[in-house]
Amino acid sequence: VVKDIEQFVEGNLPRIFLIGLSSIFYLGKTMRFVSEKGKPSLLREDEVSNIINNGKDAFLKELKRSDLFVFEKVFMKALLNGYAVPDPIGKTCLKAELWVRYSAMSQELADKFKEKLLAMKSQPKVRFTSFPTAIWLLLKHTLSIDGSILLIDIGGEVTEATFIQDGIIV
């Protein structure tokens, strides 16, 4: 594949390689976190960051495998006191509900991809994404993703179905 890419771009290698993974190459899950406060207070950036990072650790622990690394932590939705807000940081609330999408893949597979791509003369950045997350990000910025959407990707050997409910991959 790498040789085909080098021939196709004829020396004008891209700065970034975004590698989209099909479901057989990663494990993913959307997780919901609830933070209830005793009195109205600001939701701080470090608090949200801790929630997301603790969720990543819980996700990896749940998978019960030591050979994985999380390549996606995507903040999907926030409800503050039951109301959807695009950016919850710095807002006052009693209750915050956050949804975050995590995806993990084999460290060995990631290293093999990076080794081959970084051997190219351009030294590109290499980023991995799952198909559902990539499409969700595109839909989020181009269409209203409220309500429900069933996204079906029919590939050569794998067909993936992703269900989006109220803006969240479920």
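Of the 170 residues in this chain, 36% count as buried, where buried means under 20% relative accessible area, exposed means over 50%, and partly exposed lies in between, with a 1.4 Å probe and protein chains only. Good morning. Before I go on, please note that this is a predicted model, in which local features need pLDDT of at least 70, side-chain atom pairs count only at pLDDT 80 or more, and totals for chains, interfaces and linings use all residues. Residues are numbered from 1 along each chain as its sequence is written, and side-chain values use heavy atoms, with hydrogens and water left out.

Let me begin with the chain as a whole. Its C-alpha trace spans about 60 × 35 × 30 Å along the principal axes. The accessible surface comes to about 10,600 Å², and 54% of this belongs to carbon and sulfur atoms; such areas come from the Shrake-Rupley method with a 1.4 Å probe, and for residues only the protein chains shown count as cover. The secondary structure comprises four helices and nine strands. Here, helices (H or I, at least four residues) and strands (E, at least two) are DSSP runs, numbered from the N terminus. In sequence order, the pattern reads α-β-β-α-β-β-β-α-β-α-β-β-β. A contact means heavy atoms within 4.5 Å. Of the contacts with a separation of 6 or more, 70% are between residues 24 or more positions apart.

I turn now to the sheet. In what order do the four strands of the open sheet stand? The order is β2-β5-β3-β4, and the pairing is antiparallel. Two strands pair if DSSP finds at least two bridges between them. Strands β2 (27-42) and β4 (83-84) are at the edges with a single partner strand each, so one side of each has no neighbour in the sheet. As a general point, side chains in a regular strand alternate between the two faces of the sheet.

Let us walk across the pairs. Strands β2 and β5 run antiparallel and are joined by 12 bridges; Arg32, for instance, has Trp99 in β5 as its bridge partner. Next, β3 and β5 pair in the antiparallel sense over 11 bridges, and here Leu80 stands opposite Ala96 in β5. Finally, two bridges join β3 (residues 68-80) to β4, again antiparallel.

Helix α3 (residues 107-118) touches β3 and β5 (92-106), and its direction makes about 70 degrees with that of β5. Helix α4 (residues 131-142) also touches β3 and β5, with a direction at about 35 degrees to that of β3. The axes are lines fitted to C-alpha atoms, for helices over the stretch in contact, and angles run from 0 to 180 degrees between N-to-C directions. Strand β5 is mostly covered, with 12 of its 15 residues buried.

Is Glu47 buried or exposed? Glu47, in helix α2 (residues 45-63), counts as buried because its relative accessibility is 14%. Leaving aside residues up to four places away in sequence, Glu47 touches Ser35, Lys37 and Leu42.

Pro124 sits in the loop between α3 and β6 (125-130) and is buried, at 3% relative accessibility. Beyond residues up to four places away in sequence, Pro124 touches Pro14, Arg15, Ile16, Phe17, Leu117 and Leu118.

Asp153 belongs to strand β7 and is partly exposed, with a relative accessible area of 23%. Its contacts, not counting residues up to four places away in sequence, are Phe131, Val158, Thr159 and Glu160.

Which residues make the nonpolar surface patch? Leu150, Ile152, Ile154, Phe163 and Val170 form this patch of about 530 Å². Patches are made of residues with over 30% relative accessible area and no salt bridge, where like charges are joined within 9 Å and nonpolar side chains (Val, Leu, Ile, Met, Phe, Trp, Tyr) within 5 Å. A salt bridge is a side-chain nitrogen of Lys or Arg within 4 Å of a carboxyl oxygen of Asp or Glu. Strand β7 (residues 148-154) gives the most to the patch, with three residues. Val170, found in the segment after β9 (168-169), is exposed, with a relative accessible area of 61%. Thank you for your attention.
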